[in-house]
Amino acid sequence: MPLKSCLHRALIGFTLVLTSGVVCADQFVWRVPGANGNSVTLVGSVHLLPPQAYPLPPAYQKAYAGSEILMFETDMAALQSPTTQFRLLEQASYPPGESLSGNLAPPLLARLQNSLSSIGLPLAMLDRFRPWFVATLIELTAFAQAGFRPDLGIDVHFFERAQTDGKGVYGLENLDQHLAVLTDMPEPQSRAYLADTLDNLKMLEAAPTELFALWQQGDADGLAAYVAEHAQTNPQLYARLVTERNHAWLVDIEALLQGNANAMVVVGALHLAGAQGLPALLERAGYQPVQQ
């Protein structure tokens, strides 16, 4: 797989990638009434999708049609730019004289070499990159090989529509904050992320069908339980990628709820699931999110 293609997938989809299943009544969409007759609709994004996922269910279309502004995890235009791709590539690389193989303990390096051979990613191509980047590529490659594409992700889909329709577009994080979730990851945590990914290679084979079934059914409890089972092995990583960001985002989401405009907030579906998901946090803050 070309490195540029892998890099693009890493930029668009590091939070959660999901695949396909059976449509049920509920969707990963929550409407939250605001303070002034307005509303904020939380939409769980799938960052990579297959062509057959479209058209999206009515709840997503309705949320978009009724919103004056859209808020994504970060500045989508900047995230997709070649400048950002090169920047991420630079930050994911070791300085001259260092390498991935030189920074991994021999047992982990041996496991990595065996795993890369099985999925067709040569170590020589990845040896200059830090463990978190390699872990991300391994995960995203599994979904890409199953036919899922970042250009069909829900966030990209609605960002492009909003640009065409002239709707306001904003980010919950600036680009530096968004990238730092990975690029500033401490080296021990980065190696643990890679080790966990290698531990769960078998899970990755089944993940496309299982995870998208949960998303498409709007099964937030099922998704939370699924992720919690695997997050137990690395709670610090889960907190870094999900829960800490959810709490930080509440400030902007509550500001939207106290405003006058109808808004659509598009974030990875994982951010909407469980006791630390945004709907649960907003409910504890006194709002009344309702799943659509």
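Start by selecting T136, which lies in helix α8, residues 131-145. Helices here are DSSP runs of H or I with at least four residues, strands are runs of E with at least two, and both are numbered from the N terminus. This is a predicted model, in which local features need pLDDT of at least 70, side-chain atom pairs count only at pLDDT 80 or more, and totals for chains, interfaces and linings use all residues. Residues are numbered from 1 along each chain as its sequence is written, and side-chain values use heavy atoms, with hydrogens and water left out.

Is T136 buried or exposed? T136 counts as buried because its relative accessibility is 2%. Buried means under 20% relative accessible area, exposed means over 50%, and partly exposed is in between (1.4 Å probe, protein chains only). Now show the side chain of T136: it reaches the backbone oxygen of W132 at 2.8 Å. The T136 side chain also makes a polar contact with the side chain of Y193, at 3.4 Å. A polar contact is a pair of N or O atoms within 3.5 Å; within protein, one must be able to donate a hydrogen and the other to accept it, and residues adjacent in sequence count only if both atoms are side-chain atoms.

Axes are lines fitted to C-alpha atoms, for helices over the stretch in contact, and angles run from 0 to 180 degrees between N-to-C directions. For the contacts (heavy atoms within 4.5 Å), display I138, E139, A142 and F143 in α8, which meet L201, L204, A207 and P208 in α12.

Stay on α12, residues 201-216. From first C-alpha to last, its 16 residues reach 23 Å, close to the 22 Å expected at 1.5 Å a residue; the expected span is 1.5 Å times one less than the number of residues. Where is the kink in α12? Look at A207, shortly before the proline P208, for a kink of about 55°. The bend at a residue is the angle between axes fitted to the seven residues ending there and the seven starting there. A207 and P208 are both among the buried residues of α12, which also include L211, F212 and W215. Just after the helix, G218 takes a positive phi of about 65°.

G44 is in strand β2, residues 39-45, and is buried, with a relative accessible area of 0%.

Follow the chain to P55, in the loop between β2 and α2 (58-65). The peptide bond from Y54 to P55 is cis, with omega near 0°.

Then select α2 together with α9. Their axes come within 12 Å and cross at roughly 35°. Y60, Q61 and Y64 in α2 meet I154, F158, R161, A162 and D165 in α9.

Finish at D151, in the loop between α8 and α9 (154-165). D151 counts as partly exposed, at 40% relative accessibility. The side chains of D151 and R149 are joined by a polar contact of 2.6 Å.
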